[in-house]
Amino acid sequence: MKRDVFGIGLSQFSITAVVVAFISKAMGYSNAAGIIIGWSLALSSSAFVLQLLKDKNEMGSQYGKSSFGTLLLQDLMVVPLLVITPILAGSGKSPSEAVMNSLVQITMALSTIGLFGKFLLNPILDLVASCGSKEAMIGSILGIVMSMSFLTEGLGLSNTLGAFLSGMLIAETKHRHHVEVEASPFR
């Protein structure tokens with residue numbers, strides 16, 4: 001699986017992103033726009049492709065496994081795209097300087113969110129669940145998501161990234177099924 005994700009998937013993503021970025025530059029777009037266009041067009045719809053593979057019974061084949069690995073890497077590359085887009089769009093810095101700044105910012109955000117998820121999230125949800133109040137659970141879930149969203153926005157990153165990461169952390173807790181039931185009306 002590592003070969004499919006980091007070999008085939010990373011190769012496909014990198015080559016496509018670079019080629020499209022160069023084409024964008026040749027068409028007169030800025031370096032920042034070329035990076036964003038290349039990165040965006042190197043992604044594909046996992047839900048669509050996986051459904052096609054399932055319909056044709058090709059998930060177990062080597063082709064299906066390689067496709068899944070590529071799709072997995074593309075899904076992972078959405079997070080850095082969410083980070084780098086507002087930075088490249090809003091700064092007058094060179095793309096390399098913007099990327100370095102984004103790496104520092106995302107490291108700070110991921111460290112803070114990771115520590116919160118490891119040490120505080122389960123105790124908070126344990127306390128809220130012990131109350132037995134649906135409203136308290138919904139309020140705490142929304143509070144956690146909004147707090148992490150504001151944290152990432154405060155660090156100059158996308159608030160969508162904070163919401164995404166908090167959802168992933170909550171999904172890894174022992175309360176995930178309870179949270180899913182309570183949060184389902186908000187879909």
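This is a predicted model: local features need pLDDT of at least 70, side-chain atom pairs count only at pLDDT 80 or more; totals for chains, interfaces and linings use all residues.
Residues are numbered from 1 along each chain as its sequence is written, and side-chain values use heavy atoms, without hydrogens or water. Local features need pLDDT of at least 70, side-chain atom pairs count only at pLDDT 80 or more, and totals for chains, interfaces and linings use all residues.

**Exercise 1.** Determine how the rings of Phe 13 and Trp 39 are arranged.

Solution. Rings of Phe, Tyr and Trp (its six-membered ring) pair if their centres lie within 6.5 Å, with planes under 30 degrees apart called stacked, over 60 edge-to-face and the rest tilted. The count under this rule is one aromatic pair. Because the ring centres of Phe 13 and Trp 39 are 5.9 Å apart and their planes stand at 75°, the pair is edge-to-face. Phe 13 lies in helix α1 (residues 2-26) and Trp 39 in helix α2 (residues 31-41), so that the pair links parts of the chain 26 residues apart. Phe 13 is buried at 6% relative accessible area, and Trp 39 is buried at 14%, where buried means under 20%, exposed over 50% and partly exposed in between, with a 1.4 Å probe and protein chains only.

**Exercise 2.** Describe the surroundings of Gln 74.

Solution. Gln 74 belongs to helix α4 (residues 62-76) and counts as buried, at 4% relative accessibility. Leaving aside residues up to four places away in sequence, Gln 74 touches Gln 12, Ala 42, Leu 43 and Ser 44, contact being heavy atoms within 4.5 Å. Its side chain reaches the backbone oxygen of Ala 42 at 3.2 Å.

Methods: Helices (H or I, at least four residues) and strands (E, at least two) are DSSP runs, numbered from the N terminus. A polar contact is a pair of N or O atoms within 3.5 Å; within protein, one must be able to donate a hydrogen and the other to accept it, and residues adjacent in sequence count only if both atoms are side-chain atoms.
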